[in-house]
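Please read the points below with the structure open beside you.

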Amino acid sequence: MLKISGAHDLVKAQGCLGLFADQQDFENAQQGDLLERRQQGVNLEFLNAGQVADLEPDLAAFHAGGVFYPDTRFTVSPLGLCRRYAEHFTNNGGKILRDQALSVTPKIPGVSVKLTDETLDFDHLVICAGVASKELLTPLGVKMPMVSERGIT
Ligand SMILES: Cc1cc2nc3c(=O)[nH]c(=O)nc-3n(C[C@H](O)[C@H](O)[C@H](O)COP(=O)(O)OP(=O)(O)OC[C@H]3O[C@@H](n4cnc5c(N)ncnc54)[C@H](O)[C@@H]3O)c2cc1C
């Protein structure tokens with residue numbers, strides 16, 4: 001998406017640093033969830049307090065060390081990124097409708113989507129309604145393995 005919409009300028013790749021205030025917590029994490037992340041292929045480096053200070057000299061010395069993720073990226077503007085994607089979509093013939101999908105019904109061929117005032121037919125449908133995707137999919141017999149927590153879907 002970044003490539004085809006030319007939005008590279010909105011994403012930075014400077015890594016991410018997580019810090020631990022307590023040495024024991026840091027050691028537990030290295031044997032626990034951080035180890036698990038590494039085993040699942042996440043690229044991460046453990047840094048002691050001195051190494052963190054070398055990396056971030058302006059940081060106060062309140063911590064016992066931390067973990068650096070060199071491969072992470074972040075956007076400097078979530079809104080700008082969404083707008084760039086939306087522009088790319090409409091510039092290539094896409095149409096944006098602002099409405100609520102009430103239900104999805106398979107047809108042969110295709111699929112129909114009931115909105116608040118109309119029902120539209122499509123050849124294919126991508127459902128990306130976040131945590132509400134599950135609700136739209138359940139009547140179709142699709143059990144989506146999705147767990148949501150506050151702030152995380
Ligand atoms: C406070 C907060 C901070 C977060 N911080 C981070 C972070 O720093 N980094 C990170 O990676 N993630 C973060 N997350 C998690 C991240 O926002 C979600 O994982 C991500 O937004 C999920 O994207 P999504 O497109 O699947 O769903 P969503 O972003 O939830 O988008 C779903 C969209 O579908 C729409 N929708 C729902 N139902 C319907 C319907 N029936 N009809 C039409 N439209 C519908 C919704 O209105 C919404 O616009 C944060 C979340 C929160 C709440």
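1. In this predicted model, strand S7, which covers residues 111–114, pairs with S8 in the antiparallel sense, and 4 bridges connect the two strands. Within that pairing, Lys-114 is the residue that stands opposite Thr-119 in S8.

2. S7 and S8 belong to an open sheet of 3 strands, arranged in the order S6-S7-S8 with antiparallel pairing. Strand S6 (103–106) and strand S8 (119–122) each have a single partner strand and therefore stand at the edges, with one side of each left without a neighbour in the sheet. Averaged over this sheet, and with direction ignored, neighbouring strands are turned by 20° against each other.

3. A further open sheet is formed by 3 strands in the order S2-S4-S3, and here too the pairing is antiparallel. Its edge strands are strand S2 (16–20) and strand S3 (45–48), each of which pairs on one side only.

4. As for the contact between S3 and strand S4 (residues 65–69), the two run antiparallel and are joined by 4 bridges. Which residue of S4 is the bridge partner of Phe-46? That partner is Val-67.

5. On the scale of the whole chain, the protein is divided into domain 1, spanning 2–75, and domain 2, spanning 97–145. When the centres of domain 1 and domain 2 are taken over C-alpha atoms, they are separated by 39 Å.

Notes: Residues numbered from 1 in each chain as written. Predicted model: local features only at pLDDT ≥ 70, side-chain atom pairs only at ≥ 80, totals over all residues. Pairing = 2+ DSSP bridges. Domains from an automatic or database assignment. Axes fitted to C-alpha atoms, helices over the stretch in contact; angles between N-to-C directions.
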